[in-house]
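This report goes through a protein model from its overall form to its side-chain pairs. The sequence and coordinates come first.

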Amino acid sequence: VGDHRSFLTTSDLGAGLILNLDKKGELGYVGANIWNGTEYTDVVEENNCKDISGFVYLRPLSNNTDFRRTAIQGQAYIGTQNVTIETDEDASDFDRTLVSFGGLLAYRNTFDLGADVNLYSQGQGPGIDDVKETGYSFFVTIYLEDVAGDESPLRTLNLFGRMDMYDPNTDVDDNGETLII
């Protein structure tokens, strides 16, 4: 869902600072960014507003050999859409805010269970209510390496499943979609 709607900051141009929480980032990292609010496919800025974001990625069980890859993450992105703002309009009427969080429960090379939640709000202009979007993703990976024998060609395969639920406007009933892989 995040990729489908370009919720993530990878569709923007900017600069950031990332700090490891320990000497090699084993426990995770935090970061802060400033963005120009455009997309990398269209770098023309329509206004002089800049966006900011911050994120945290934590690996709370990095010292546990069974759950080493388990992680939780969160980000907040606050900014203004890349639109021309007339002199009688306020930039806050065209704001956009993203809050996302998720996690991965990873047990050895046996399975991964994950979830991701995206809450997005986008201003529609003066006097018009913001549109609020939601996206929920749930996924599982089963690694056959631990299940199949050492000589089995299946040991290099993984089983993967994912369900995404997306609602493009939480104020409108029955306009969401569910995607399953």
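What percentage of the 181 residues in the protein do buried residues make up? The share of buried residues is 32%. The model is predicted.

## Overall form

The secondary structure consists of 9 strands and 0 helices. Read along the sequence, the pattern is β-β-β-β-β-β-β-β-β.

The C-alpha trace spans about 70 × 45 × 25 Å along its principal axes. The radius of gyration is 20 Å, whereas a compact globule of 181 residues would have one near 16 Å. Taking contacts between residues at least 6 apart in sequence, 48% join residues at least 24 apart.

## Strand pairing

Strands β6 and β7 (residues 131–143) run antiparallel and are joined by 12 bridges. Within this pairing, Leu-113 stands opposite Val-140 in β7.

Strand β7 also pairs with β8 (residues 158–167), again in the antiparallel sense, over 10 bridges. Here Phe-139 has Arg-162 of β8 opposite. In a regular strand, side chains alternate between the two faces of the sheet.

## Salt bridges

The structure holds 6 salt bridges. One of them joins the side chains of Arg-59 and Glu-26, at 3.8 Å from N to O. This pair links distant parts of the chain, 33 residues apart: Arg-59 is in the loop between β3 (51–58) and β4 (71–80), and Glu-26 is in the loop between β1 (14–20) and β2 (28–35). Arg-59 counts as buried because its relative accessibility, 14%, is under the 20% cut-off. Glu-26, with a relative accessible area of 34%, is partly exposed.

A salt bridge also forms between the side chains of Asp-66 and Arg-108, with an N to O distance of 2.8 Å. Asp-66 lies in the loop between β3 and β4, and Arg-108 in the loop between β5 (95–107) and β6 (111–122), so the pair ties together parts 42 residues apart in sequence. Both residues are partly exposed, Asp-66 at 24% relative accessible area and Arg-108 at 42%. The side chains of Glu-45 and Lys-50 meet in a further salt bridge at 2.5 Å, N to O. Glu-45 is partly exposed at 37%, and Lys-50 is partly exposed at 40%.

## Aromatic pairs

How many aromatic pairs does a search of the whole structure find? The search finds 4. Among them is the pair of Phe-67 and Tyr-107, which is tilted, with 5.2 Å centre to centre and 55° between the planes. Phe-67 lies in the loop between β3 and β4 while Tyr-107 lies in strand β5, so this pair ties together parts 40 residues apart in sequence. Phe-67 is partly exposed, with a relative accessible area of 24%, and Tyr-107 is partly exposed at 22%.

Ring pairs also link Tyr-29, Phe-55 and Tyr-57 into a cluster.

## The loop between β3 and β4

Several of the pairs described above involve the loop between β3 and β4. Arg-59 in this loop pairs with Glu-26 in the loop between β1 and β2. Asp-66 pairs from this loop with Arg-108, in the loop between β5 and β6. Phe-67, also in the loop between β3 and β4, pairs with Tyr-107 in strand β5.

Terms used:
Residues numbered from 1 in each chain as written. Predicted model: local features only at pLDDT ≥ 70, side-chain atom pairs only at ≥ 80, totals over all residues. Heavy atoms only, no water. Salt bridge = Lys/Arg side-chain N within 4 Å of Asp/Glu carboxyl O. Helix = DSSP H or I, 4+ residues; strand = E, 2+ residues; numbered from the N terminus. Buried < 20%, exposed > 50% of the residue type's maximum accessible area, 1.4 Å probe, protein only. Pairing = 2+ DSSP bridges. Rg over C-alpha atoms; globule rule 2.2 N^0.38 Å. Contact = heavy atoms within 4.5 Å. Phe/Tyr/Trp six-rings, centres within 6.5 Å; stacked < 30°, edge-to-face > 60°.
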